Amino acid sequence: MESEAPTMENNPKISAYYQTRLAHFGVVSTEWLAQAQSATNPLPSSSTDSDTDKDTNFSVIDEFNRWRSHPDLAEAVAAIRALAAVISSSKASTMMQLEIELKNASDTLKAWDTTSISLTAASDLFMRYVTRTSALEFEEFNSAKSRLIERADKFGEISYKARKIIAMLSQDFIFDGCTILVHGFSRVVFEVLKLAAHNKKRFRVFCTEGRPDRTGLRLSHELAKLDVPVKLVIDSAVAYTMDEVDMVIVGADGVVESGGIINMMGTYQIALVAKSMNKPVYVAAESYKFARHYLLDQKDLVPAIRPVDFGVPIPLKVDVECSARDYTPPQYLTLLFTDLGVLTPSVVSDELIQLYL
Amino acid sequence: MDARRAPRAVIDPIVRKVGFFTPPDPIPFEFSPSANSLSPVMIPPPRHSSENHDLNSRPSVTSPSGDETIAVSGSCNSVLSELFPAPMLPAPSPKIGNGDGGGIVASSFPSGGFDLTVVKASGGVPVCKLTTVSVVNADSFAIDEREKPNRGGGSTMEGKDQAMNSKQKKDKSSKAERRALQEAQRAAKAAAKAEGNKASGTATSVNVKSAKAAKAPQKVDNTSVAASEKKGGDRPSEKDRKKDVPHPRMQYDDKSRVEKAKRRAVVNQTEARNRVELFRHLPQYEHGSQLPDLEAKFFQLDPVHPSVYKVGLQYLSGDISGGNARCIAMLQAFQDAIRDYTVPSEKTLVRDLTAKISSYVSFLIECRPLSISMGNAIRFLKSQIAKLPLTLSESESKSSLQSDIENFIYEKIILADKAIVEHAVTKIRDGDVLLTYGSSSAVEMILLHAYELGKQFRVVVVDSRPRLRGKLLLRRLVEKGLSCTYTHINAVSYIMQEVTRVFLGASSVLSNGTVYSGVGTACVAMVAHSFHVPVIVCCEAFKFHERVQLDSICSNELGDPDVISKVSGREDVNDLDAWANTENLQLLNLIYDATPSDYVSMIVTDYGMIPPTSVPVVVRKYSREHVWI
């Protein structure tokens with residue numbers, strides 16, 4: 001990994017989001033440990049940003065990191081909680097000031113990882129949700145502030161509970177004797193499967209390996225613990241096994257306005273194969289992942305770089321495709337399981353219009 | 001009636017023809033319906049070439065009765081031609097319904113016509129007289145409809161009212177009368193078909209009558225949009241009309257209505273000859289005939305304000321074309337009209353001004369059918385007039401209206417275009433090859449703005465005859481320094497391999513995501529889709545409409561067919577010069593077409609970038625905004 005290590009340290013564009021996921025969910029090996037160590041060091045740019053932006057002792061990034069260290073907590077929820085903490089510890093005395101503080105905090109968070117869609121989306125949604133009450137204009141500051149805190153906490157709760165709601169909604173779609181294909185380690189999908197196993201449904205799961213971070217291995221390990229029959233397939237064997245599969249369930253890093261999803265690299269491939277074989281593709285995503293981007297093709301995506309470990313050293317002249325995620329257009333998706341309900345992909349835009357316009 | 005239906009039911013599915021066809025020569029039939037009390041073969045027809053019989057009905061449906069009715073139609077011809085020596089009239093759409101028209105006509109009796117029916121039915125030649133009666137009925141019916149030339153919501157109501165009225169009246173007429181009437185209709189129709197493919201007038205309103213409520217508003221809307229009150233609305237298929245009256249619909253000429261309309265009309269349009277069957281529900285006029293006449297009348301026309309008149313002339317001659325330009329010109333003309341308007345004594349401003357605007361609108365429709373965006377603008381203006389508080393003085397009301405129009409133009413068109421440009425340039429990357437079709441003002445602005453921002457891209461301009469609007473766009477782009485490629489629409493599948501994005505403009509976007517735009521757009525969008533090239537449609541939100549359209553036929557606009565037969569600069573290409581005299585040849589010059597939503601990747605509006613499925617959400621929001629403004 002001589003070629004990888006220097007690129008990582010020199011290249012500030014390595015997605016911190018994926019570094020975190022690496023740290024939480026990747027298969028731990030000696031090489032990986034070394035990489036993960038260097039990856040999870042806080043990037044110098046973000047810490048200076050957070051220090052200089054805040055004239056108070058409170059640093060939103062610190063708060064964010066504190067929340068983020070829970071492996072179970074979605075990064076976006078951590079951001080929401082951090083922003084809620086900003087409000088409660090704010091020393092502003094007018095609404096305008098408070099809003100400006102919030103805006104700065106959310107900008108800082110977004111700058112921490114520019115490639116994370118759910119982070120951006122969640123911060124924006126938080127701002128809209130919290131500041132959209134008309135009552136704010138008429139009350140005096142303290143009660144308005146406490147109302148804001150209330151709404152912020154509520155939003156945090158909703159986001160936190162979103163996974164449980166999604167798990168409940170998707171139980172109807174898992175029938176006895178079905179075979180589910182999953183890709184990567186999505187905590188939402190894991191929640192879904194956990195609840196299904198808990199409800200004593202009989203199903204089996206095909207797990208893709210999910211290279212390069214091999215998160216599929218981790219997922220298969222967890223599922224085996226729940227006594228769910230698991231079969232591990234390498235990424236190239238998806239089309240081969242698609243005949244036996246009844247449905248595909250994936251998570252999402254972000255859901256875009258066209259109704260398509262951004263997810264771990266390989267999702268697009270699986271969706272294409274599933275569509276051509278008439279298998280439904282279900283996406284389990286919380287509603288705070290709805291983002292206002294409109295993607296037309298893969299190149300519209302801001303690439304999130306993630307180092308690929310081939311196990312053998314790669315000569316320098318060989319280029320490696322390092323992108324960590326891809327975009328799946330809405331025509332390949334059947335349904336979205338969200339905490340707002342079970343939706344078709346075209347509803348995403350409706351929701352966004354209602355929220356933002 | 002019932003006995004006669006049986007044989008026809010057998011023949012229907014096989015022989016029904018839809019689409020472009022020329023009516024076949026009438027083939028002598030041995031078969032004649034036994035239950036027909038009117039035995040038409042007894043009356044030999046003197047054959048005229050008269051144009052006052054509609055030819056739309058499917059020959060298949062009438063073929064069982066084709067031969068025997070020819071006999072009758074001849075005499076009817078003579079009767080009708082004596083009564084109504086009118087010039088050619090357009091006929092409504094040639095949908096399946098044939099004899100239905102008889103029943104419907106019979107049903108649309110206003111009280112005056114009813115007596116006439118009774119009198120005539122007892123007369124000597126029952127068939128012809130009934131045909132006459134039916135025409136008269138339709139005539140009076142037409143008056144009702146024309147008295148309310150409102151578009152949009154108003155006409156929707158009226159459509160329904162008329163539908164209900166006519167339905168009640170239908171029940172009154174007896175079955176024998178209806179059947180006799182239907183015979184006459186069929187005869188007239190078959191004869192007309194036999195005589196040649198001449199355009200004839202038909203009764204629009206009759207269609208409106210038996211339309212199901214859902215269809216009636218749309219039809220009436222179409223009627224007002226696509227044709228003035230005198231033209232035929234769209235005709236639903238035979239099956240739809242079969243509710244209680246089992247005979248097929250028939251369209252029938254309506255000379256008297258057209259007569260009356262012509263007397264009231266400012267623009268004297270002469271109907272085109274040799275029209276395409278499938279598009280008879282749309283008006284088609286001889287081009288170039290009205291302009292000198294109107295120009296001469298310029299200073300004599302009191303009812304029409306000079307600015308409106310001028311705009312109408314510009315539409316007629318094609319000087320103003322393009323959705324935004326037409327809309328802005330119309331609104332500015334209305335602004336002038338409102339400025340010069342004074343309320344007559346004994347009248348309220350709201351009602352009188354609304355009526356005046358409606359009359360201006362019908363004048364503009366006569367010059368050129370309205371586009372959907374113009375319809376939305378007019379609806380906005382009328383709602384603003386209706387919302388004027390009564391306490392305002394006349395001058396205050398007028399200035400408020402003028403500023404409303406000003407704001408509408410500024411916010412919904414000018415600012416909207418700016419917002420669209422802002423959103424759309426984010427989708428242009430360096431190294432892109434952008435394809436555009438025709439000439440859309442929004443797309444032109446986007447390309448120029450992207451170029452100013454320094455993006456590296458090149459443009460492919462696809463153009464098509466007869467209007468060749470792409471040339472103007474090309475000229476403007478090349479002047480600014482963009483690198484462009486120019487090609488004809490025949491080569492679009494060839495050039496599409498190199499293209500990375502397609503930008504299209506739209507005349508309107510409908511509720512099911514269908515993009516209604518200049519003819520050829522659908523072709524470009526479909527080719528792009530098959531090459532997996534994203535298609536981006538740029539359209540201001542005020543052009544969205546809650547209508548749903550499934551094809552390009554039910555509502556469209558017909559242009560001048562002569563421009564198809566001629567190629568400018570090539571005098572030697574003159575094979576089609578005598579096309580109008582050839583019976584078998586019809587030229588079709590469609591102006592719009594409908595692109596299904598599957599082929600559109602994204603719509604850029606001033607509300608942002610939305611998928612085609614979200615158009616109804618915007619329409620809902622938009623109409624709500626209108627309420628609050």
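These legends walk through several close-up views of a predicted model.

**View 1**
The size of an interface is often given as the accessible area lost when the parts come together. For chain A and chain B, about 1,300 Å² is buried between them, and 56% of that area is on carbon and sulfur atoms.

Side chains of opposite charge can pair when their charged atoms come close. Five salt bridges are found across the interface of chain A and chain B. Look for the side chains of A:Asp297 and B:Arg429, which meet in a salt bridge with 3.3 Å from N to O.

**View 1. A salt bridge within a helix of chain A.**
Over all chains, the structure holds 25 salt bridges. In this view, A:Lys103 and A:Asp107 form a salt bridge, and their closest N and O atoms are 3.4 Å apart. Why are these two residues separated by about one helical turn? A:Lys103 and A:Asp107 are separated by about one helical turn because they are four residues apart in helix α7 of chain A, which covers residues 95–112.

Strands of a sheet pair through backbone hydrogen bonds, either parallel or antiparallel. Parallel or antiparallel: how do strands β2 and β3 of chain B pair? Strand β2 (residues 457–463) and strand β3 (residues 483–488) of chain B pair in the parallel sense, over six bridges. To find your place along this pair, look for B:Val461, which stands opposite B:Tyr486 in β3(B). Together with helix α18 of chain B (residues 470–480), β2(B) and β3(B) make a right-handed β-α-β unit.

**View 2. The loop between β2 and α18 of chain B.**
Most residues other than glycine have a negative phi, and most peptide bonds are trans. Now follow the chain into the loop between β2 and α18 of chain B, where B:Pro466 has its place. The peptide bond that joins B:Arg465 and B:Pro466 is cis, with an omega of about -5°. B:Leu468 also lies in the loop between β2 and α18 of chain B. Its phi is near 50°, a positive value in a residue other than glycine.

**View 3. An open sheet of three strands in chain B.**
The strands of this open sheet follow the order β5-β6-β8 in chain B, with antiparallel pairing. Which strands are at the edges? The edge strands are β5 (508–509) and β8 (592–595) of chain B, each pairing on one side only. Four bridges link β6 (residues 515–518) of chain B with β8(B) in the antiparallel sense. Here B:Ser517 has B:Asp593 in β8(B) as its bridge partner, and B:Val515 stands opposite B:Thr595 in β8(B).

**View 4. The hairpin of β5 and β6 in chain B.**
β5(B) and β6(B) run antiparallel and are joined by two bridges. One residue to look for is B:Ser508, whose bridge partner in β6(B) is B:Tyr516. The two strands, β5(B) and β6(B), form a hairpin with five residues between them. In the turn, B:Gly513 has a positive phi of about 85°.

Key: Residues are numbered from 1 along each chain as its sequence is written. Chains are lettered from A and ligands numbered from 1 in the order in which they are written. This is a predicted model: local features need pLDDT of at least 70, side-chain atom pairs count only at pLDDT 80 or more; totals for chains, interfaces and linings use all residues. Side-chain values use heavy atoms; hydrogens and water are left out. Two strands pair if DSSP finds at least two bridges between them. A crossover is right-handed if, with the strands pointing away from the viewer, the path from the first strand over the helix to the second runs clockwise. Buried area is the accessible area (1.4 Å probe) that two parts lose on being put together, summed over both. A salt bridge is a side-chain nitrogen of Lys or Arg within 4 Å of a carboxyl oxygen of Asp or Glu.
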